[in-house]
Amino acid sequence: MLPATADRFDDVATMLGPKKPGSNVCWCLSHRVDSRTNRELVGPARREYVRELTTRPVAPGVLAYDGGEVVGWAAVAPRSELPFQRSRLIPHVDDLPVWSLWCVRVRPGHRGQGIAHALLRGAVDYAASQGAPAVEGYPADSGDRKVDTTMAFVGTRRLFEAAGFTKAADTDAVAGGFPRVLMRRALG
């Protein structure tokens, strides 16, 4: 597991970028920037925004590798820098300066091999190395039911529980038709 730094930007692009250059896909920005900025960043501007994020002192997430091949991504950052800070749907549990972990992506062909579990551990370890007192996630509470692949990026409650997170609060958010819960893991 390695931080998504500028020297690994090609791997970040492999995980988050569109197959067609110029497409207007997420690039993992829909929960990182406010809605106005998200609408204004179109096509190649999204790529350049993420490239700039990888040059900052705190990486925008972590990457998982199988040998030399990038196979996974997890977005993690201080909640204070994200729209979650002002969310009306996802509550604040307390005033602790927590980090948010909101996107877990594993490349097709590599799913079902425990990579999502490794990504959560890697994201938590990275946040801890940056001084985070706790990490929150906002996964779907789907029980034993499968979450649609399109919405699976938020993770599931079971995935977060397996990584040592516990439910801290209900939310008013929904993903793939399932309620999202606020899961938290204290660090240090």
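Predicted model: local features only at pLDDT ≥ 70, side-chain atom pairs only at ≥ 80, totals over all residues.
User: Is W27 buried or exposed?
Analyst: A residue counts as buried under 20% relative accessible area. W27 is therefore buried, because its relative accessible area is 4%.

User: What is phi of W27, a residue other than glycine?
Analyst: W27 has a positive phi, and W27 is a residue other than glycine. The value is near 55 degrees.

User: Which value does phi take in C28?
Analyst: C28 is found in the loop between α1 and α2. C28 is not a glycine, yet its phi is positive, at about 60 degrees.

User: Is C28 buried or exposed, and what is its relative accessible area?
Analyst: The cut-off for buried is under 20%. C28 falls under that cut-off and is therefore buried, with a relative accessible area of 6%.

User: Which residues does C28 touch, not counting those up to four places away in sequence?
Analyst: Contact here means heavy atoms within 4.5 Å. Leaving out residues up to four places away in sequence, C28 touches L16, W73, A75, W102 and C103.

User: How many Å apart in space are C28 and R39, C-alpha to C-alpha?
Analyst: In sequence, C28 and R39 are eleven residues apart. In space, the C-alpha to C-alpha distance is 13 Å.

User: Which residues touch the most other members of the largest nonpolar core?
Analyst: The largest nonpolar core has 27 residues. Those that touch the most other members are V12, W73 and W102.

User: Which element gives the most to this core?
Analyst: The elements that give two or more residues to this core are α1 (9-16), α3 (44-53), β3 (69-78), β4 (99-106) and β6 (166-175). With five residues, the element that gives the most is α1.

User: What is V12 in contact with, leaving aside neighbours within four places in sequence?
Analyst: V12 is among the residues that touch the most other members of the largest core. Beyond its sequence neighbours, V12 is in contact with A4, G17, W27, V50, T54, L63 and W73.

User: How many Å apart are the end C-alpha atoms of helix α4?
Analyst: Helix α4 covers residues 115-129, which is 15 residues. At 1.5 Å a residue, α4 should span 21 Å. The end C-alpha atoms agree with this, at 21 Å apart.

User: Which residue follows α4, and what is its phi?
Analyst: Within α4, the buried residues include I115, L119 and A127. After α4 comes G131, with a positive phi near 90 degrees.

How values were computed:
Residues numbered from 1 in each chain as written. Heavy atoms only, no water. Core = buried A, V, L, I, M, F, W, Y, C linked by side-chain atoms within 4.5 Å. Buried < 20%, exposed > 50% of the residue type's maximum accessible area, 1.4 Å probe, protein only. Helix = DSSP H or I, 4+ residues; strand = E, 2+ residues; numbered from the N terminus. Expected span 1.5 Å × (residues − 1).
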